[in-house]
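The sequence and structure come first.

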Amino acid sequence: MSGAILVVTEHLGGQFTDATFELLALANGLATSTGAEVEAALVGADVAGMTTQLGAAGRVLLIEDPALESFNPHGHACVVAGLVADREPGIVLVPYTSTGMDMASHIASRSDLPLVSYCQSIDASAGLAATCQLYAGKIEADVSVDGDRAVFAVLSGAAAAADGRRDGSPTVESVTVEVPGGTSFTGQVEPEAGDVDITVQDVLLVVGRGIESEDNIEEVAELAEALGGAVAASRPVVDQGWLPKTRQVGKSGLTVKPKVYLALGVSGAPEHVEGMRDSSTIIAVNTDPQAPIFGVAHHGWVGDLFDLVPELADLLEGS
Amino acid sequence: MDIAVLLRAVPDPVEELELNDDETDLDRDYLGYVLNEFDDHALEEALLLKEDTGGSVTAYAIGTSDEVEQILVTAIAKGADAAVKLGDDLGVLDAHAQSEIFAAALGERSHQAILCGVQASDEIDGQVAMLLSARLGHPHVSVVVATSVTDAGLSVTKEYWAGITATYDVRLPAVLGIQAARQAPRYVAVSRIRQAQDSGALSEVDTVAPASSSGVTITAIRIPESGAGAEMISGDETAAAEQIVALLQAAGVGGAP
Ligand SMILES: Cc1cc2nc3c(=O)[nH]c(=O)nc-3n(C[C@H](O)[C@H](O)[C@H](O)COP(=O)(O)OP(=O)(O)OC[C@H]3O[C@@H](n4cnc5c(N)ncnc54)[C@H](O)[C@@H]3O)c2cc1C
Ligand SMILES: Nc1ncnc2c1ncn2[C@@H]1O[C@H](COP(=O)(O)O)[C@@H](O)[C@H]1O
């Protein structure tokens, strides 16, 4: 491998996201096996003060411009792509998050570098190789990369954020770039508070697409309330308008850590799992024995949720 | 506004997946294909934009299989003005190859907005929407959950995380990766799909096999050991319910036993 390991950082409201620190931890692991330097790209306006939080990087490449104050999809993608084209890092690590999804393919395309997406681990000890998730977590793939440079879009959880969260004083290098027009930020909207806060519940009954219709949710919701908890959902249930956004668990929803998380007809796509994998006890019910949710659950039952729910209701009423 | 929407047939996620003999790909012989779920949202958002502003929606897909044809005919039945099949038997293509085909096909047309699904679950080498925007030199926004027309182009809402969203003004032409439409995708009656079949709105354009190489090779795939760390509960639903109640009680939720 040639060149540095470049971590593309992500921040909102003056705070780096966990994804940033996970990538810094991953980068430091790769630095040990390759001897390469760890660099971090920090893009924003007036963000120089944040560089001390990037102690896990040896060098920070700082791009500041008023047009980049808030995340700017086309602007950020183009300036980071320009940086990569210029400095030719060996490995570029982009978080597979909402901002990373705007940047990774652009960066790779502009420098004609291979891009490995849905990446969960990287091996740079002999050439470049990685493991990835495909088919919403149903398949795991080993991939090898041509050449000695590549961009990796890395799934949440590839390394521990705590290992990359280090204060320090990395070398800071300011880079001047021109920001293209095309997309401009006009506002940020915070979520409305819901009737129920699913992040503080002891028990969550979580319905996925397997619930099939809005009408079927009622019985599960009653059961959840009887247990002193609440009903939550995967994304498709919310996108159908069957439950409000405040009940969504996952990447674009909320991160939950209840004592008991009971999944009913949830497949366990990586975007869902990143919002629930730290729950104390995870129980999954799914008709598909291959469902990836069984890979993160502590307890599983292969079967039909519509057979199970009435049985559960009977037992709990009886007690 | 003239809108393009790119639709992709992906292996049906509810089917049991089996590996080919050398375990480098799925065994595709008996695989069923369905429309990528996010593309259904991209189509819905395209139709809503057309309803807002007038103009047209053209759906594109690569390939000529029955499934691809079915997806395009359904798009016409839902309200797309035209649908285009690109290429013949090009085999399984990665995202780089697909973006090359779309760039060639769309570069000659004057669509102001190109809507794609935010991601498809079956390739590893990138997201077509963003690869395409880089090829065409158009601005882009991904993870989009709503669009509306403005004097200068489009205003789009992008989802960050934890329910936080941001809005952007976007200059046209632009490429958008749609995560979810403003409203749930519409259904269409089978009778309408049959009518669409004979509407003459579906055409086919010859395409040469792309030269792009992603530089990424899948050397092996496997089905992750399901329930690797999980204890599987055996028995029927009654037995399962009893065990689950015991687990709830052990965790101290749902009141004392
Ligand atoms: C940028 C981005 C962000 C995302 N953010 C999120 C997020 O925050 N949260 C989220 O959840 N997803 C998110 N997703 C979507 C994610 O990729 C998956 O599409 C989604 O999690 C799938 O939801 P599901 O498991 O309910 O549906 P499916 O994957 O369709 O699974 C349904 C499951 O139900 C099972 N089933 C069917 N019938 C029954 C029955 N009768 N009994 C028992 N089991 C049954 C099936 O076997 C299947 O496993 C995001 C995607 C992207 C691209
Ligand atoms: N072969 C294809 N035919 C039509 N649309 C496609 C094709 N491949 C990708 N797309 C579009 O690009 C989106 C992103 O796919 P991907 O880049 O594979 O994650 C899909 O959701 C489609 O909208």
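## Interface of chain B and chain A

Across the interface of chain B and chain A there are 6 salt bridges, a salt bridge being a side-chain nitrogen of Lys or Arg within 4 Å of a carboxyl oxygen of Asp or Glu. Arg222(B) and Glu140(A) are joined by a salt bridge between their side chains, at 3.0 Å from N to O. Between chain B and chain A, 42 residue pairs are in polar contact, both residues being at pLDDT 80 or more. A polar contact is a pair of N or O atoms within 3.5 Å; within protein, one must be able to donate a hydrogen and the other to accept it, and residues adjacent in sequence count only if both atoms are side-chain atoms.

The model is predicted: local features need pLDDT of at least 70 and side-chain atom pairs count only at pLDDT 80 or more, while totals for chains, interfaces and linings use all residues. Residues are numbered from 1 along each chain as its sequence is written, chains are lettered from A and ligands numbered from 1 in the order in which they are written, and side-chain values use heavy atoms, with hydrogens and water left out.

## Extent and composition

Chain B gives 83 residues to the contact and chain A gives 83 residues, contact meaning heavy atoms within 4.5 Å. The area buried between chain B and chain A is about 7200 Å², with 58% from carbon and sulfur atoms; buried area is the accessible area (1.4 Å probe) that two parts lose on being put together, summed over both. Of the area that chain B buries against chain A, 9% comes from Ile124(B), Trp161(B) and Arg222(B), more than from any other three residues.

## Strand pairing across the chains

Strand 9 (residues 139-145) of chain A and strand 12 of chain B run antiparallel and are joined by 6 bridges. Helices (H or I, at least four residues) and strands (E, at least two) are DSSP runs, numbered from the N terminus; two strands pair if DSSP finds at least two bridges between them. Val145(A) has Val216(B) in strand 12 of chain B as its bridge partner.

## Domains of chain A

Chain A is assigned domain 1 (5-174) and domain 2 (198-318), with bounds from an automatic or database domain assignment. Their C-alpha centres are 32 Å apart. The contact takes 9 residues from domain 1 of chain A and 10 residues from domain 2 of chain A.

These two domains of chain A bury about 720 Å² between them, 54% of it on carbon and sulfur atoms. On the domain 1 side, Ala136(A), Lys138(A) and Ser156(A) lose the most area to domain 2, together 57% of what that side buries. The count between the domains is 1 salt bridge; Lys138(A) forms a salt bridge with Asp288(A), with the closest N and O atoms 3.0 Å apart.

## Backbone exceptions and domains of chain B

Most residues other than glycine have a negative phi, and most peptide bonds are trans. Ala136(A) is not a glycine, yet has a positive phi of about 50°; Ala136(A) lies in the loop between strand 8 (128-134) and strand 9 of chain A. In chain B, a cis peptide bond with omega of about 0° joins Leu172(B) and Pro173(B). Pro173(B) is in the loop between strand 9 and strand 10 (174-178) of chain B.

The domain assignment of chain B gives domain 1 (2-206) and domain 2 (228-257). The C-alpha centres of domain 1 of chain B and domain 2 of chain B are 42 Å apart.
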